[in-house]
Amino acid sequence: MDTKSYPANWINVYSPRDIISGKLDFYDDSKTTGCNDKRKIHNVIDAYAMIPLAAHIEYWNNTTLFDQLYANL
C-alpha cells in the first residue's frame, strides 16, 4: 500500500466502556514493521465516557475529543 494514501499519524479516541470502539494497535504499521515512514496510531482513552453503551456517544459531551482535535490542527 502506498504510504501517501493515508495520514502519517492517526489519533484514536476511545473508551474501554464503549463496546464499539477500542484500541487500533493492530493497524499501526510502525509497530509491526519497525519503519518510521509508516502510519502511527496514537490511542487516547476518553476518561469521561464512562456509562456502558452510552459511552459511544459521550465523546460529544466532554472535552477529550475536542482537545485532541485542537491540539493536532
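I began with L69, which is partly exposed, with a relative accessible area of 48%. I note here that the model is a predicted one. I then looked up where L69 sits in the fold and found it in helix α3, which covers residues 64–71. L69 also belongs to a nonpolar surface patch of about 460 Å², which it makes together with I57, W60 and F66.

Next I recorded the overall layout. The protein chain has 3 helices and 2 strands, and from the N terminus on the elements follow the order β-α-β-α-α. Of its 73 residues, 26% are buried. The chain exposes about 5500 Å², and carbon and sulfur atoms supply 60% of that area. I also looked at contacts between residues at least 6 apart in sequence, and 54% of these join residues at least 24 apart.

Which residues make up the largest nonpolar core? I listed 7 residues, namely V13, Y14, V44, A49, A55, Y59 and L65. In soluble globular proteins, nonpolar side chains tend to be buried together.

I then examined N12, which is found in strand β1, residues 9–14. Is N12 buried or exposed? At 10% relative accessibility N12 counts as buried, because the cut-off for buried is under 20%. Its side chain has a polar atom 2.8 Å from the backbone oxygen of G22, and a polar contact, also of 2.8 Å, joins the side chains of N12 and N43.

My last entry concerns L53, which lies in the loop between β2 (40–45) and α2 (55–58). Its phi is positive, at about 70 degrees, although L53 is not a glycine. Most residues other than glycine have a negative phi. I checked the accessibility of L53 as well, and at 63% it counts as exposed, since the cut-off for exposed is over 50%.

Note on methods. Residues numbered from 1 in each chain as written. Predicted model: local features only at pLDDT ≥ 70, side-chain atom pairs only at ≥ 80, totals over all residues. Heavy atoms only, no water. Core = buried A, V, L, I, M, F, W, Y, C linked by side-chain atoms within 4.5 Å. Buried < 20%, exposed > 50% of the residue type's maximum accessible area, 1.4 Å probe, protein only. Patch = residues over 30% accessible without salt bridge, like charges linked within 9 Å, V, L, I, M, F, W, Y side chains within 5 Å. Areas by Shrake-Rupley, 256 points an atom, 1.4 Å probe, with all protein chains shown as cover. Salt bridge = Lys/Arg side-chain N within 4 Å of Asp/Glu carboxyl O. Helix = DSSP H or I, 4+ residues; strand = E, 2+ residues; numbered from the N terminus. Contact = heavy atoms within 4.5 Å. Polar contact = N/O pair within 3.5 Å; in protein donor to acceptor, adjacent residues only side chain to side chain.
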